[in-house]
Amino acid sequence: MTTRSLIGWTALSAIVPGAAHLRAGKRRTGFILLAVFGAILIAAVAYGVQFLWNAGAALRPSTMTTVTIAAGACALAWFGLIAMSYMALRPDRLPRKGQIVSGIVVGVLCVSVMAPFALTASTVNTANDFLDDVFVPNPGGPSPSPIRAEDPWNGRKRVNFLLIGADAAGNREGVRTDSMTVASVNLSTGNTVLFSLPRNLQYVRFPESSPMHKQFPNGFNAEGQGLLNAVWYYADNNPQLMGGKNRGPEALKDAIGYTLGLNIDYYAMVDMFGFARLVDAIGGLRIRVEQDIKWGGHYGTAGTIKAGYRTLNGEEVLWYGRSRVNSDDFSRMARQRCVIGALAQQASPATVLANFNKIAAAARHMFRTDIPRDLLEHLVPLGLKVKDAKITSLQFVPPVIYTGNPDWAKIRKLSLKAIRESVADSRTSAAGVTASPSGTGVSASGSPGASVSASPSVGASASRPAHTATPTPNDKAAKSLSELCGF
């Protein structure tokens, strides 16, 4: 054989194991290698087909361990296969120069065929470690309920996630939750309502079951102002009140859930500066900027994000959502919702996979959540469903709600109305039936059997001294993110 043909038959064996042995006249070994390769290929396809119908199963620890071990084994097997194929073709019959050239080429080929398997094993192992680091029970918090595969949502029709953006700037102590949005997801359709709560919402109430209710029976008034973004910080700093350390998430979930008339099932908090690194990891976000956004300091001296459709990098996305220059908290809230919507639409599975190692490195130390890892395999299909479903948005800001003197019953009415409009099917809409904020029959809670009452008596026991209803309009409907953000 010539040097070129020997190299060619060896390379072919990387694709069709046994080809080199058949060429060398070792038919029995060649057919055995072909049979083994066929069996491995069929087993891999059969194993992978299950993920077409249950993509979330790929996140199971057992699946990730299996893939890591299998990829490592395949890397070693293909290395050995190339070496065996090369030796079967008798390179010693080549002239010395041919032996040297073919040896070098085949050595490179051995490393090359191992690379995809090694990369797969490394990526899956990184993902497994990342999920183990992030999706762990909150230290000191309540233990999560076991997840049942046959009914992971415990009979609920919708699930409510509290999405938090925390400002961990160097001049601040503790956690300040500057961005708070509840994503209420219909489990059957994926239709989602985003409820944005202002950081400066004052005197929030707590349910009687919350330890914070005993301390603040007439509304949260710590630090003189009682702002919503101080609830987590206060609870963490008063473990004797909460019955343990690191109970800030539970206190905030109680406050926001009671405010909206919902049961908050899970929270996920992301540090804002870590979020910027996450955006860079996926290659930026395309966002419609309605008007020039100046950022940096009080006067916007650091830069300007120009109006128009822009692909923003991580730092620009961060300042697009945080800038206060010529703006207010409520405008920031609207921009932050657009960032969440853009991320949901543009972080496709292909993008995430292509940039996974960067994403994992950026996200490892910026996330906190009480979502159990066992629930992840059920969240993946839900997330894909949400991606193609209708997302509407509602924020409780002036003139609808005055943050210094909120109308709690009105907030619950608007929340219930937005949820009812989200679940209404097209036939109901076509018939001209409108969602009313009163009545019964729709459960907006995340817990089985719980429902939201729209009557003013909902918050009577927790309200401040009687006052006249705030003179704010009641006809503000939740908007889709397409309308709000120009997607």
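Buried here means under 20% relative accessible area, exposed means over 50%, and partly exposed is anything in between, with a 1.4 Å probe and protein chains only.

This is a predicted model, so local features need pLDDT of at least 70 and side-chain atom pairs count only at pLDDT 80 or more, while totals for chains, interfaces and linings use all residues. Residues are numbered from 1 along each chain as its sequence is written, and side-chain values use heavy atoms, with hydrogens and water left out.

**View 1. The whole chain.** The chain holds 18 helices and 11 strands; these are DSSP runs numbered from the N terminus, helices being H or I with at least four residues and strands being E with at least two. Of the 487 residues in the chain, 47% are buried. Take the contacts (heavy atoms within 4.5 Å) between residues at least 6 apart in sequence: 70% of them join residues at least 24 apart.

**View 2. Threonine 63 in helix H4.** Threonine 63 sits in helix H4. With a relative accessible area of 6%, threonine 63 falls under the 20% cut-off and is therefore buried. Set aside the neighbours within four places in sequence, and threonine 63 is in contact with Tyr47, Phe51, Ala57 and Ala58.

**View 3. Helix H3 and what it packs on.** Helix H3 covers residues 27–53, which is 27 residues. From first C-alpha to last, H3 reaches 40 Å, close to the expected 39 Å; that expectation is 1.5 Å times one less than the number of residues in the helix. Gly30, Leu33 and Phe51 are buried in H3.

**View 4. H5 alongside H14.** Helix H5 (residues 96–134) and helix H14 (residues 356–363) pack at an angle of about 25°, and their axes are 10 Å apart. Axes are lines fitted to C-alpha atoms, for helices over the stretch in contact, and angles run from 0 to 180 degrees between N-to-C directions. H5 and H14 are therefore roughly parallel to each other, going by a scheme in which angles under 35 degrees count as roughly parallel, over 145 as roughly antiparallel, 65 to 115 as roughly perpendicular and the rest as oblique. The crossing of H5 and H14 is left-handed, meaning that the near helix is turned anticlockwise from the far one by less than a right angle; clockwise would be right-handed. On the H5 side, Thr123, Thr126, Ala127, Phe130 and Val134 make the contact, and on the H14 side it is Phe356, Asn357, Ala360 and Ala363. By class, the contact of H5 with H14 has six nonpolar, three polar and no charged residues. For those classes, Ala, Val, Leu, Ile, Met, Phe, Trp, Tyr, Cys and Pro count as nonpolar, Asp, Glu, Lys and Arg as charged, and the others, Gly among them, as polar.

**View 5. H10 crossing H11.** Helix H10 (residues 272–281) and helix H11 (residues 314–322) have axes that come within 7 Å and cross at roughly 135°. That makes H10 oblique to H11. The crossing of H10 past H11 is right-handed. H10 brings Met272, Phe273, Phe275, Ala276, Val279 and Asp280 to the contact, and H11 brings Gly314, Glu315, Val317, Leu318 and Arg322. Sorted by class, the contact of H10 with H11 has seven nonpolar, one polar and three charged residues.

**View 6. Leucine 318, zoomed in.** Leucine 318 lies in helix H11, and at 6% relative accessibility leucine 318 counts as buried. Not counting residues up to four places away in sequence, leucine 318 touches Met272, Phe273 and Ala276. Leucine 318 and glycine 274 are 44 residues apart in sequence, yet 9.6 Å apart in space, C-alpha to C-alpha.

View 7. Proline 398 and proline 399 are joined by a cis peptide bond, with omega about 0°. Proline 399 is in the loop between strand S10 (391–395) and helix H16 (408–423). Tyrosine 203, in the loop between strand S3 (192–197) and helix H6 (211–215), has phi near 60°, a positive value in a residue other than glycine. Tyrosine 203 counts as buried at 19% relative accessibility. Asparagine 246 lies between helix H8 (239–242) and helix H9 (248–260), in the loop, with a positive phi near 55°. At 31% relative accessibility, asparagine 246 counts as partly exposed.
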